[in-house]
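Okay everyone, thanks for coming.

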Amino acid sequence: MLGVRVNGAKDAHVVSIADGMVVLTAWSPEAGHCVVIQHKDNYLSVYRHLSGVLLSKGERVQGAQVIGYAGSDKDAELSMLEFELWHEGKAVNPELYIVF
């Protein structure tokens, strides 16, 4: 993983970090539900291990809009979210851009 893991209450709201457009919603056994949002200036935000997703590919989102609910990974007893931030195809430290 190239981002951060955030622990929280199961099914807590997960929000978009900024305005953008959903470019992917998917599910896999390893990552659960996943949402990828394209933002201005070639930024992508990636949200993994969601228990549910409220958006579809192609939908516009606003910053702080609820996009889904925190889930867990297959081995975790606590709820958590994996969050990644990419800029022009390179992973960047999301802690430099958001406040937890």
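Before we talk charge, a quick bit of bookkeeping: Lys and Arg count as positive, Asp and Glu count as negative, and His and the chain ends are not counted. On that basis, the protein chain has 8 positive and 12 negative side chains. The centres of those two sets lie 5 Å apart. Oh, and keep in mind that this is a predicted model.

Now, the overall build. What do you get if you read along the sequence? The pattern is β-β-β-β-β-β-β-β-β. In other words, there are 9 strands and 0 helices. The radius of gyration is 12 Å, close to the 13 Å that the globule rule gives for 100 residues, so the chain is as compact as a globular protein of that length. Along its principal axes, the C-alpha trace spans about 35 × 25 × 25 Å.

How does the chain connect up with itself? Take the contacts between residues at least 6 apart in sequence: 57% of them join residues at least 24 apart.

Let's go inside. Of the 100 residues, 34% count as buried. The largest nonpolar core has 15 residues, and those with the most contacts inside it are Val14, Val35, Ile37, Tyr47 and Ile67. Two or more residues each come from β4 (32-39), β5 (43-53), β7 (66-70) and β8 (79-87).

Let's zoom in on Tyr47. Leaving aside neighbours within four places in sequence, Tyr47 is in contact with residues including Val14, Ile17, Val35, Ile37, Ile67, Leu81 and Phe83.

Technical notes: Residues numbered from 1 in each chain as written. Predicted model: local features only at pLDDT ≥ 70, side-chain atom pairs only at ≥ 80, totals over all residues. Heavy atoms only, no water. Helix = DSSP H or I, 4+ residues; strand = E, 2+ residues; numbered from the N terminus. Rg over C-alpha atoms; globule rule 2.2 N^0.38 Å. Buried < 20%, exposed > 50% of the residue type's maximum accessible area, 1.4 Å probe, protein only. Contact = heavy atoms within 4.5 Å. Charge placed at Lys NZ, Arg CZ, Asp CG, Glu CD. Core = buried A, V, L, I, M, F, W, Y, C linked by side-chain atoms within 4.5 Å.
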